[in-house]
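Subject: Structure for you to look at

Hello,

Here is the structure I promised to pass on. Please open it and read my notes alongside.

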Amino acid sequence: MTQLIPFLLTLLTISANLSVTSTTPTTPNTLMLNLQSYQWKNRLLLVFAPSENTPEYQQQMQLFSNQTAEFVDRDLLLIELFSNGTSRINGKPINPEDVTSIKQQFNIGDEFSVILVGKDGTAKRREMTPVEPTAIFQQIDAMPMRQREMRSQ
């Protein structure tokens, strides 16, 4: 019995520490998404849609197909955010609570929307209909930070 007490105390301490440090519940295999962690590293392309079956979303993804090299060249990450379904960043699932937070941050309801976020963390473009990738790339390429990146390459 005397050996059991220290063991139980250790378990209680571990349990208490876990409940304190785990402030945001996550679904298994989902990533916590904090957009600020990408500031000064990546540009973000946020694509909001009610679901993957939304016609505008499907059209937008078709427009982005075969653009991987262009995305990589511009440090552009694609983040797909759905009201219903599994949201993703670069194909990896995102925690649903983070999706809600991002939607609130950008004042997005259940409508389709595309938002370009610059490396400085501010929204640079907001579209309510699918947008041609060339228009996004041209806008990025005109940004002073991108101009410096292209000169240094």
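Where is Asn66 found? It is in the loop between α2 and α3 (68-73). Before more detail, one caution: this is a predicted model.

Asn66 is exposed, with a relative accessible area of 77%. That counts as exposed because the figure is over 50%.

Asn107 also has a positive phi, near 55 degrees, and is again not a glycine. Look for Asn107 in the loop between α4 and β5. Its relative accessible area is 67%, so Asn107 is exposed.

**Overall layout**

The chain has six helices and six strands. Along the sequence they run α-β-α-α-β-β-β-α-β-β-α-α. There are 153 residues, and 36% of them count as buried. Take the contacts with a separation of 6 or more: 63% of them join residues 24 or more positions apart.

**The cores**

The largest nonpolar core has 18 residues. Leu45, Val47, Phe64, Leu76 and Ile136 have the most contacts inside it. Five elements each supply at least two residues of this core: β1 (43-49), α2 (55-64), β2 (76-82), β5 (113-117) and α5 (133-141). A second, separate core has 15 residues, including Leu44, Ile79, Ile89 and Val117.

Which residues does Ile136 touch, leaving aside its neighbours within four places in sequence? They are Leu45, Phe64, Leu76, Leu116, Arg125 and Val131. Of these partners, Leu45, Phe64 and Leu76 are also on the list of residues with the most contacts inside the largest core.

**Phe137**

Phe137 lies in helix α5. Is Phe137 buried or exposed? Its relative accessibility is 5%, so Phe137 counts as buried; the cut-off is under 20%. With neighbours within four places in sequence left aside, Phe137 is in contact with Gln67, Glu70, Phe71, Arg74 and Leu76. Leu76 is also a contact of Ile136.

**Asn95**

Here is another asparagine to check. Asn95 is found in the loop between β4 (92-93) and α4 (96-105). Its relative accessible area is 0%, so Asn95 is buried. What does the side chain of Asn95 reach? It reaches the backbone nitrogen of Glu97, at 3.1 Å.

**The largest pocket**

About 200 Å³ of space lies in the largest pocket. Its lining has 17 residues. Asn34, Leu35, Gln36, Gln105 and Gly121 lie nearest the centre. Which helix gives the largest share of the lining? That is α4, with four residues. By class, the lining has seven nonpolar, eight polar and two charged residues.

That is what I have so far. Over to you.

Best wishes

Technical notes. Residues are numbered from 1 along each chain as its sequence is written. This is a predicted model: local features need pLDDT of at least 70, side-chain atom pairs count only at pLDDT 80 or more; totals for chains, interfaces and linings use all residues. Side-chain values use heavy atoms; hydrogens and water are left out. A nonpolar core is a set of buried Ala, Val, Leu, Ile, Met, Phe, Trp, Tyr and Cys residues joined through side-chain atoms within 4.5 Å. Buried means under 20% relative accessible area, exposed over 50%, partly exposed in between (1.4 Å probe, protein chains only). Contact means heavy atoms within 4.5 Å. A polar contact is a pair of N or O atoms within 3.5 Å; within protein, one must be able to donate a hydrogen and the other to accept it, and residues adjacent in sequence count only if both atoms are side-chain atoms. On a 1 Å grid over the protein atoms alone, a cavity is a set of points where a 1.4 Å probe fits but cannot get out, and a pocket is an open set with protein on both sides within 12 Å along at least five of seven lines; lining residues have an atom within 4 Å of a point. Grid points are joined across faces, edges and corners, and a volume is the space filled by probe spheres set on the points. Ala, Val, Leu, Ile, Met, Phe, Trp, Tyr, Cys and Pro count as nonpolar, Asp, Glu, Lys and Arg as charged, and the others, Gly among them, as polar.
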